[in-house]
Amino acid sequence: MTPVDLFHGLTAEALALAGALALRRAWIKPDGLRPWLIAGGWLLWLVAVLFGQGVWGSVLGIAIVVSLICMTGALVVLSNVERRNVKTRMPREAALEPSDRKRVMWRGWLRGVLAGPLAGMAALGVGLAIAICSPGPPQTRMVIGGLLVPFLWAGGMAWTLSDNKIIRATCVLVGVAAVSLGAAFLKGSIA
Amino acid sequence: MRGQPIWPRIAPGFVRAMLAGHSALGLAFAALIWLVCFTGSVCVFTQEFARWEQPVAPLSAAVTPEAANTAFQEGMKRMPWAHDAYIGLPTQAMPRLSIRASTHEPSEREGDWVADANGHLLQPTQDRWSDFQARLHYELHLPRPWGGYLIGLIGVALLSSIISGVLSHPRAFKDAFSLRMGGAKRLQEADLHNRLGLWGLPFYLVVSLTGAFLGLTTLIVGVLALAVFKGDVKQAYALFLGPTPIDNPAAAPPPDLTRMFAYVKADAPRAEVRYIMVEHPFETGGRFSFNASTPGKISRGETYVFAADGTSAGVLGYEKGTLGQKILSGVAPIHFGWFGGPVVKFIYAILGMGLASITSSGVAIWMARRRDKGKPAETWERLWAAFVWSQPLAYAVTASAVLLTPPDSADDLLLSVWGGVTLASMLLPIVMRPKLISVTLRSLGGGLLLGLVGVHVWRFGIVPVDPVALIVDLCLVLIAVSMVLSVVWRPHVKPHR
């Protein structure tokens with residue numbers, strides 16, 4: 001690491017830290033400065049990203065600076081730990097509880113099948129349909145379709161595990177899987 | 001925080017349903033997600049561990065094409081059975097010249113050598129520990145491709161937990177800076193869970209998505225091949241493998257690589273050749289792939305393909321091809337943090353351990369909720385404490401085993417050691433309560449990490465040839481001391497305003 005690299009890194013870190021501190025100050029004290037501090041905090045982070053892009057390149061700069069902002073924000077929070085006053089409970093701490101579902105064996109298994117294989121098949125079907133049926137170079141379609149698969153599967157998993165209307169989720173997932181896989185296999189060509 | 005909310009209000013019923021899903025999924029996959037996060041945080045430093053493991057190997061900041069060619073020719077003389085070879089050229093993260101060769105089935109016969117800056121092979125490569133921990137993260141040491149599928153599924157579950165976590169915490173952004181310790185266990189763990197979760201969110205989304213994609217690639221390509229190529233996966237992969245010289249199994253001596261180097265240098269003067277993959281080095285139809293990375297790009301590097309006679313067959317397109325090829329090329333560096341030098345690696349390791357902590361605090365919230373309801377899950381509390389704290393200990397013992405056993409020890413020795421320590425730790429719940437399990441395993445883990453550093457210094461000295469070994473030793477000491485201190489020290493926190 002050269003002194004210039006160090007200078008660039010420290011500058012990006014200073015901007016990330018200044019942004020986090022401005023936002024924290026806005027969060028602590030809701031006075032007249034608050035809107036300015038919120039805008040200033042986000043602006044500092046934007047400047048950090050632009051600075052990173054200028055120094056390290058467009059994609060690399062974003063990746064480095066966003067990583068820095070994430071870590072800096074977490075460290076700012078961790079360095080300001082407070083002791084909870086057990087006598088004065090904050091309103092936000094009356095947190096919601098997870099919905100209390102009746103434990104029914106078949107529903108549990110069905111939910112597992114929906115979140116796992118069925119949501120996976122539906123996601124795979126949509127990814128394949130995009131890879132096969134959308135325009136553009138085959139490699140681009142395959143990678144974008146492929147990247148969509150875990151994202152859609154995760155979304156389907158989150159939905160089926162949360163939705164209390166389990167039959168609705170079953171119908172939608174079966175329908176999506178049938179239509180998308182059908183379209184992909186019917187076209188049957190990546191060219 | 002006071003003031004008018006800027007976020008739309010989310011119906012409590014929706015939040016409660018999301019929380020139920022988030023909780024069920026998190027608990028079902030907690031142990032696997034924790035293991036993948038822990039192993040991933042260590043895996044970020046695979047190259048540094050490889051250097052730490054063999055700190056007496058010669059360092060080469062850069063080598064000439066002639067030196068690389070010498071290493072190749074010497075390697076082929078020593079390993080005339082080679083079907084494929086990999087020549088690693090010095091990079092900033094791994095300043096070594098090395099050559100690895102294997103037969104058609106890699107498990108049949110393999111050879112791996114480190115060369116000096118002139119390309120003369122000096123000593124066999126020692127990377128058992130770094131290879132072990134990397135494979136634990138990639139595939140949990142399960143048979144291929146099932147290990148990859150399981151890792152992909154864990155990535156999907158993690159991504160799904162992140163999505164449901166965001167949707168079930170409508171106040172997450174509002175409470176961004178609030179972290180209070182003390183009081184009810186559940187509130188304390190929830191604060192930590194939500195705050196760490198929010199601040200690492202972009203990182204966690206990217207890492208889980210890319211991890212799931214990497215794990216599921218074989219499955220996705222397999223189904224695509226079924227739909228488009230009548231099940232022939234080779235045709236699907238061919239779209240990304242680039243040009244291939246005409247196959248010709250006629251025997252030929254290993255060619256001179258310097259001409260190929262010259263071609264790459266002329267085509268991309270700023271690019272740095274990082275490795276060369278050689279297929280069929282003793283055949284006229286051999287394929288020589290030069291991977292050259294351009295500074296300032298998140299990319300595995302462009303790959304130039306040559307025939308054995310030195311003529312160019314074209315490029316794969318990782319830096320010059322379609323958008324899809326460029327994205328694909330960036331997936332692995334983005335997932336592992338191998339794109340911005342040591343600072344980014346440290347950030348990745350810290351955020352990765354943050355994700356492991358979030359998983360752990362999620363389980364702690366569930367356990368505290370059970371206690372609050374008068375239905376404590378004591379067995380699970382014990383098992384969870386044992387599992388979480390078994391891993392630093394298992395890693396310390398496994399790494400010590402590498403330093404204390406001969407390099408040609410059985411391949412599955414490390415897996416047995418790691419599995420043995422993990423299983424032994426999981427027996428502690430029979431006789432200990434959670435708090436004592438945690439204290440015992442943290443103390444043992446910290447102590448054995450210090451012991452590991454002692455063994456390393458005893459074998460290689462405090463400052464061996466490679467200075468990275470000293471940095472790794474110092475980091476291990478720091479982690480060990482933190483683990484031991486965490487047993488006895490309670491941080492002072494400010495009272496709430």
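With which strand of chain B does β1(A) pair, and in which sense? I looked this up and found that β1(A) and strand β5 (residues 180-181) of chain B pair in the parallel sense over two bridges, where strands pair if DSSP finds at least two bridges between them. Within β5(B), I noted B:Met181 as the bridge partner of A:Arg83. Helices (H or I, at least four residues) and strands (E, at least two) are DSSP runs, numbered from the N terminus.

I kept in mind that this is a predicted model, in which local features need pLDDT of at least 70, side-chain atom pairs count only at pLDDT 80 or more, and totals for chains, interfaces and linings use all residues. Residues are numbered from 1 along each chain as its sequence is written, while chains are lettered from A and ligands numbered from 1 in the order in which they are written.

Next I turned to the contact, which takes 67 residues from chain A and 75 residues from chain B, counting two residues as in contact if their C-beta atoms, placed from the backbone, lie within 7 Å. On the side of chain A that touches chain B, α5(A) gives the most, with 19 residues.

Finally I checked the domain assignment (bounds from an automatic or database assignment), which gives domain 1 (3-80) and domain 2 (105-187) of chain A, and I recorded that their C-alpha centres lie 37 Å apart. I also looked at residues 35-56 of chain A, where the chain is 100% helix and 0% strand with end C-alpha atoms 31 Å apart.
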